[in-house]
Amino acid sequence: MIEYRNLRVALLGAGSVGAQVVALLQKHGDELAQRAGAGLELVGVAVRDVDAPRTADIPRELLTTDAEALIVGADVVIELIGGIEPARTYILQALNSGADVVTANKALIATHGPELFAAAEQVGAQLFYEAAVAGAIPIIRPLRDSLAGDQVTRIMGIVNGTTNFILDRMDTDGEGLETALATATELGYAEADPTGDIEGFDAAQKAAILASLAFHTTVPIDSVHREGITSVTAEQVASARAAGFVIKLLAICERLTDASGTEGVSARVYPALVPRTHPLAAVRGAKNAVFVEAEAAGDLMFYGAGAGGIETASAVLGDLVSAARRHVIGGPGIAESNHADLPVLPISSVTTRYQISLLVGDRPGVLATIAAVFAEHGVSVETVSQSVSSVGADGGPATATLVIGTHEASEADLAATVAALGGNDVVRSVTSVLRVEGSD
Ligand code: NDP
Ligand code: HSE
């Protein structure tokens, strides 16, 4: 074997993920060197507080608060600080000096990806980010490399463990959202501020990254439609269960043609009804999964741990070995592909099936009135079910709950239908509107 010099590896951050990267490097460093074709020498670990307790045994002399000095002369810089600044500045410094960079920073890639990829391309370096989406699950490399010869048409992902854990608890134990969130926080799944999880910001960042990769198009984070799970009720979860569905927070990336014939892409995050027979319905607890539909390959599913220190460190080390191999072989890094440059279409261009629940007066002609509202707005009804009528608690007229499933309808037509139903005399209230995804 040809002897190769040690590669200098600088690590920024030694928290949940960073400390596990050090631990795995200590445990498997020799083996990883064989796989990489080069020694991997950890030359330093930048942190905020060198005296803070660590979950790995990091030699004191490696710790520093001077990240900038550590980056100078490094062959590979691993950024595991998180957030936008100073992570962005450090990554640009590393790339501009010719180092390859490995990061798990979804927030940064989703918001500043194009700037960072351009900086890498300019100097022939490469930015690796397998851990930024769905933690340990290999999904970036499959989309960029394994499926490079195919046409990805759609991705549906459960890419936030916290919300999947909460929805699963609501579904299986009948727990409330607040209680389930408290448990998710206790178990370390949720971010320090869980707003990013439950309001769908974290999933939206991952959707932007997946859509950009899958469709060779820059998808800005601001163009991702986002709805979180805070408005999902126990009643919705229970009636979904009774109807053979489960509610999941989905990140959906799709290639589509809108009503005017414009071909583009859509990236969106919202809670949706998924049939219990769909593979994504079986994704329990805090696990993640990404379901990919490709023209030639058909349906593919990637499943596993979407978070966790050691699990995420696995993806980081995979990238480190790739970066090292690249150094050994030489030549420029692989540039990010955005040649398709498709327009990102608004949510109003999307067509989906819906399930709408209405509380209505139980008397002759109500069903016909409601059916007419759907017809007037061009929304085709597929199924109707009515629950047992009940006399109002105040002794008033009997009411019934109607659950109406639609064929595919546009967001715009559906919104107009719901508004018209809300204003119709026969409707007491529109109690639930949910999209249905993953049914044939
Ligand atoms: P932590 O908050 O646990 O760790 C952050 C580390 O960065 C700490 O060691 C901290 O130092 C250090 N740090 C913060 N600011 C600076 C600074 N200005 N200069 C030098 N060091 C600094 O984060 P995680 O390990 O959880 O996450 C790291 C990245 O991985 C994030 O981008 C996150 O989104 C991503 N990720 C995390 C997952 C997870 O399960 N945790 C899953 C997937 C991705 P100190 O310890 O001294 O405070
Ligand atoms: N808070 C995130 C989650 C961590 O719940 O999935 C991984 O990005």
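This passage describes the surroundings of two ligands and of selected residues in a predicted model.

Local features are reported at pLDDT of at least 70 and side-chain atom pairs at pLDDT 80 or more, whereas totals for chains, interfaces and linings use all residues; side-chain values rest on heavy atoms, with hydrogens and water left out. Residues are numbered from 1 along each chain as its sequence is written, while chains are lettered from A and ligands numbered from 1 in the order in which they are written.

The shell of ligand 1 was examined at the level of residues and then of atoms. A residue is taken as near a molecule or strand if one of its heavy atoms lies within 4 Å of it. There are 21 residues around ligand 1, and those that come nearest are Ala14, Val17, Asp49, Arg54 and Gly308. By class, this shell comprises 10 nonpolar, 7 polar and 4 charged residues. In this scheme Ala, Val, Leu, Ile, Met, Phe, Trp, Tyr, Cys and Pro are nonpolar, Asp, Glu, Lys and Arg are charged, and the others, Gly among them, are polar.

Polar contacts are pairs of N or O atoms within 3.5 Å; within protein, one atom must be able to donate a hydrogen and the other to accept it, and residues adjacent in sequence count only if both atoms are side-chain atoms. A polar backbone atom of Ala14 lies 2.8 Å from an oxygen atom of ligand 1. For Arg48, an N or O atom of the side chain is 3.0 Å from an oxygen atom of this ligand. At Gly308, a backbone N or O atom is found 2.8 Å from an oxygen atom of ligand 1. Taken alone, ligand 1 exposes 900 Å², of which the protein buries 77%. Accessible areas were computed by the Shrake-Rupley method with a 1.4 Å probe, and for residues only the protein chains shown count as cover.

Ala14 occupies the loop between strand S1 (7–12) and helix H1 (16–36); helices (H or I, at least four residues) and strands (E, at least two) are DSSP runs numbered from the N terminus. Ala14 counts as buried because its relative accessibility is 6%, where buried means under 20% relative accessible area, exposed over 50% and partly exposed in between (1.4 Å probe, protein chains only). Apart from neighbours within four places in sequence, Ala14 is in contact (heavy atoms within 4.5 Å) with Ala19, Val45, Ala46, Val47, Arg54 and Ile58. Val17 belongs to helix H1 and is also buried, at 18%. With residues up to four places away in sequence not counted, Val17 touches Leu80, Gly309, Thr312, Ala313 and Val316. UniProt positions follow the numbering used here, feature names are shortened, and annotations may be inferred rather than shown by experiment.

Ligand 2 is surrounded by Lys106, Asn160, Gly161, Thr162, Tyr189, Glu191, Asp197, Asp202, Lys206, Gly306 and Ala307. This shell divides into 2 nonpolar, 4 polar and 5 charged residues, and helix H6 (161–172) and helix H9 (201–215) each contribute at least two of its residues. An oxygen atom of ligand 2 lies 2.6 Å from a polar side-chain atom of Lys106, and an N or O atom in the side chain of Asn160 is 3.4 Å from an oxygen atom of the ligand. A nitrogen atom of ligand 2 is 2.7 Å from a polar side-chain atom of Glu191. On its own, ligand 2 has 260 Å² of accessible area, and the protein covers 91% of this.

Glu191 is situated in the loop between helix H7 (177–186) and helix H8 (195–198). With a relative accessibility of 35%, Glu191 counts as partly exposed. Beyond residues up to four places away in sequence, Glu191 touches Lys106, Asp197 and Asp202. The unreviewed UniProt entry places a "binding site" feature at Glu191.

Pro275 is part of strand S10 and is buried at 10% relative accessibility. His278 lies in the loop between strand S10 (263–275) and strand S11 (287–294) and is buried, at 9%. The side chain of His278 reaches the backbone nitrogen of Leu280 at 3.0 Å.
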